[in-house]
Amino acid sequence: MRLSTGPQLKGDGKRRQLKASRAYAEANGLELAEDAQYEDLGVSAFKGANVRDGKLGLFLEAVRSGAVAPGSYLLVESLDRLTRQELAKAQSLFLSIIQGGINVVTLADGRLYPAGTNDLGDLIYSLVVMARAHEESQIKSQRIGAAWKNKRARAASQVPMTKWCPAWLKLAEDRTCYESIPERVEIVRGIFADAASGMGVYSITTSLNQRGVPTFDSPNGWHTSYVTKILCNRAVLGEFQPHRREDGKRVPDGEPSRSYYPAIVDEGLFYRAQLAKSERRISGKGRKGVNRRSNLTPYRLPILTPLSGSVWR
């Protein structure tokens, strides 16, 4: 099974695919290996992430190792659940499965691609389906990319791109700007003031929890990792850094947009906090953790005593 987007994950896709798999197995006298099903949930097949990092890659390895026996059936809703990559890669993946002795069934149309098939009709049909799947994903990717490019251009003019924003802000009702949440802004300013005064992240976090300061999103209190993220976040200065996806990773896209968010911390305080944090890291001050231990064994200098003449031990 593969579901790639948020709406699909929340919808009926998983139940639908599993129901169709059970129906096919029962109708064809097959034993469905429900305890060993492979699920790529929220993983894209367009750039091969489901093969490279997902469960489909584990399935292929199981075929190569013999853990999935030749003659087994791989049930998928359609071939685009396997791959949406460009045709050459898609064909190579598909052939590696059927040449590995696995029968492939597409449940949407009930089509069987027998293991090791050389049927020209099957191969041509599979190529057409996979080519169409890649083309659809490519068009969708281009449209999404164009939409985000337009949003980034709007960000340069301080027009909100999306409702998502730092936890101390919210999108105004007319969606023309972001507004501060006063009580949260005060908490953030207090964190920066404490850091600038020399308090370490652990001490700041402990203080927040002891004073019962409400968190922004965690039901389990403040965590040092979150406080650290706040102290490193230039959004407090009003900056927004657009990103894009490149090989599955978020990378900066262009220059930061200044004054995109309302600035809630002045630059002087921001940089004083960064300087204090750096000085603590260099000097080694602050809590190191109760479980920290030195890996160095104390070295005792030998006691030198004269034996005779210039001979020492």
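A residue counts as buried when its relative accessible area is under 20%, as exposed when that area is over 50%, and as partly exposed in between, with a 1.4 Å probe and protein chains only. By that rule E77 is buried, with a relative accessible area of 16%, and 34% of the 313 residues of the chain count as buried. The structure is a predicted model, in which local features need pLDDT of at least 70 and side-chain atom pairs count only at pLDDT 80 or more, while totals for chains, interfaces and linings use all residues. Residues are numbered from 1 along each chain as its sequence is written, and side-chain values use heavy atoms, with hydrogens and water left out.

**The chain as a whole**

- The chain holds 10 helices and 11 strands, where helices (H or I, at least four residues) and strands (E, at least two) are DSSP runs numbered from the N terminus.
- Contact here means heavy atoms within 4.5 Å, and among contacts between residues at least 6 apart in sequence, 54% join residues at least 24 apart.

**The sheet of β3, β4 and β5**

- Three strands form an open sheet in the order β3-β4-β5, with mixed pairing, and two strands are said to pair if DSSP finds at least two bridges between them.
- The edge strands, each pairing on one side only, are β3 (73-76) and β5 (111-113), and the twist from one strand to the next averages 20°.
- Strands of a sheet pair through backbone hydrogen bonds, either parallel or antiparallel.
- The pairing of β3 with β4 (residues 103-106) is parallel and runs over four bridges; within it, L74 has V104 of β4 as its bridge partner, and L75 has V105.

**Helix α4 and the loop after it**

- Within α4, the residues L56, G57, F59, L60, A62 and V63 are buried, and the helix is followed by G66, whose phi is positive, near 90°.
- A69 lies in the loop between α4 and β3 and is partly exposed, at a relative accessible area of 39%.
- The C-alpha atoms of A69 and I102 are separated by 8.0 Å, although these residues are 33 residues apart along the chain.

**Salt bridges**

- A salt bridge is a side-chain nitrogen of Lys or Arg within 4 Å of a carboxyl oxygen of Asp or Glu, and by this rule the count comes to five.
- R16 and E77 are joined by one of them, at 2.6 Å from N to O; the pair links distant parts of the chain, with R16 in helix α2 (residues 13-27) and E77 in the loop between β3 and α5, 61 residues apart.
- At 34% relative accessibility, R16 counts as partly exposed, whereas E77 is buried.
- R64 forms a salt bridge with E61, their closest N and O atoms being 3.2 Å apart, and because these two residues are three apart in helix α4 (residues 55-65), they are separated by about one helical turn.
- An α-helix has 3.6 residues a turn, so residues three or four places apart point the same way.
- R64 is exposed, at a relative accessible area of 61%, while E61 is partly exposed at 43%.
- E239 and R234 meet in a salt bridge of 2.9 Å, N to O, and salt bridges that share partners join R234, E239 and R258 into one network.
- E239 is buried, with a relative accessible area of 11%, and R234 is partly exposed at 30%.

**Helices α7 and α9**

- The axes of α7 (residues 182-196) and α9 (residues 224-232) come within 10 Å and cross at roughly 90°.
- These two helices are therefore roughly perpendicular to each other, given that angles under 35 degrees count as roughly parallel, over 145 as roughly antiparallel, 65 to 115 as roughly perpendicular and the rest as oblique.
- V188, I191, F192 and A195 of α7 make the contact with V227, I230 and L231 of α9.

Note on methods: Axes fitted to C-alpha atoms, helices over the stretch in contact; angles between N-to-C directions.
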